[in-house]
Every structure is written in structure tokens, then in C-alpha cells.
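Dear colleague,

My findings follow directly after it.

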Amino acid sequence: MNLNSLFINIPGVLSFIIILFLGSLLSMMFSVIAQIFFAALNLKYPSFWGKIVGWSTFGIAVVFSFEQLGIAGKLLSIILILITSILGLSIVLAFGLGCKDIAREFIIEIIKKNKTDSPDE
């Protein structure tokens, strides 16, 4: 290993560190914003949902940072997209098929709340 090959890898390692650092900051920020958002909507467990948003954001940042190093970036991206798609589809199916009555009541409640909160025109 010569000195020239060491200097070639330094920009990739620096961009890996910068992306990972900025991704961790963004994930913390998105987690707090999501917690505030879910708490304002009076949903149950806003802290849990905020952490889900934060960890998802951090996972995406990790994939992007590994891509800078050239460590199976495409494979990690495909796996992350596949997992996200599977989780999203399973949540939608579970909510749609298993909780249609609860979803109906929830939407009716939101509509009633919006009607009482809006000023009469």
C-alpha cells in the first residue's frame, strides 16, 4: 500500500463521516418534530412514533454514507427500500382490513372536530 492510494481514499472517508454526522443530527431533529406533531394531534405514544421517524431517518443516512465508501451501496439501498415498502404495505393492509370500523370512527371524529373548530362563514 503506497501513500498515493491512502490519499485517494481520504475524501470518501471524510464524506462518509460528514454524511453520517449530518444524518444523525437530522434524525434527532425529525424525531423531535414528529413527537411534537403527534402530541399536538393527541395521538397515543408520540414518543414511540417520534423514535420510529428518527431511526428511519438515521437508517437512510447510514445507507447514504456507506454509499460514499462504495461498500455495497446499491445492495443496501435495495434492502432498505424493500424493508420500507414491506412495512408500509403491511401497516396499510392491517389498518385497512383489520381496523376499518376504528378508521371510520377516527375519520368521523376528525371531521366533527374540524367542523366545530372552523369559524362559521
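Leu14 is partly exposed, because its relative accessible area of 47% lies between the limits of 20% for buried and 50% for exposed residues. Please bear in mind that this is a predicted model. Leu14 belongs to helix α1, which covers residues 3-40. Together with Leu3, Leu6, Phe7, Ile10, Ile18, Phe21, Leu22, Leu25 and Met28, Leu14 forms a nonpolar patch on the surface. The accessible area of these residues together is about 970 Å².

For Asn42, phi is near 60°, a positive value in a residue other than glycine. Tyr45 likewise has a positive phi, near 55°, and is not a glycine either.

I turn next to the pockets. The largest pocket has a volume of about 530 Å³. Its lining is made up of 14 residues, and those nearest the centre of the pocket are Leu41, Leu43, Phe106, Glu109 and Ile110. Which helix gives the most to the lining of this largest pocket? That helix is α4 (residues 100-117), with 7 residues. By class, the lining of the largest pocket consists of 8 nonpolar, 2 polar and 4 charged residues.

The second largest pocket holds about 310 Å³ of space. Two elements give two or more residues to the lining of this pocket, namely α2 (46-69) and α3 (73-98). Of the elements, α3 gives the most, with 7 residues. The residues that line the second largest pocket are Ile52, Trp55, Ser56, Gly59, Ile60, Leu80, Ile81, Ile83, Thr84, Leu87, Gly88 and Ile91. How many of these lining residues are charged? The lining has no charged residues; 8 are nonpolar and 4 are polar. The lining of the largest pocket, by contrast, includes 4 charged residues.

With kind regards

Notes: Residues numbered from 1 in each chain as written. Predicted model: local features only at pLDDT ≥ 70, side-chain atom pairs only at ≥ 80, totals over all residues. Heavy atoms only, no water. Patch = residues over 30% accessible without salt bridge, like charges linked within 9 Å, V, L, I, M, F, W, Y side chains within 5 Å. Areas by Shrake-Rupley, 256 points an atom, 1.4 Å probe, with all protein chains shown as cover. Salt bridge = Lys/Arg side-chain N within 4 Å of Asp/Glu carboxyl O. Helix = DSSP H or I, 4+ residues; strand = E, 2+ residues; numbered from the N terminus. Buried < 20%, exposed > 50% of the residue type's maximum accessible area, 1.4 Å probe, protein only. 1 Å grid on protein atoms, 1.4 Å probe; cavity = no way out; pocket = protein on both sides within 12 Å on 5 of 7 lines; lining within 4 Å. Points joined across faces, edges and corners; volume = space filled by probe spheres on them. Nonpolar A, V, L, I, M, F, W, Y, C, P; charged D, E, K, R; others polar.
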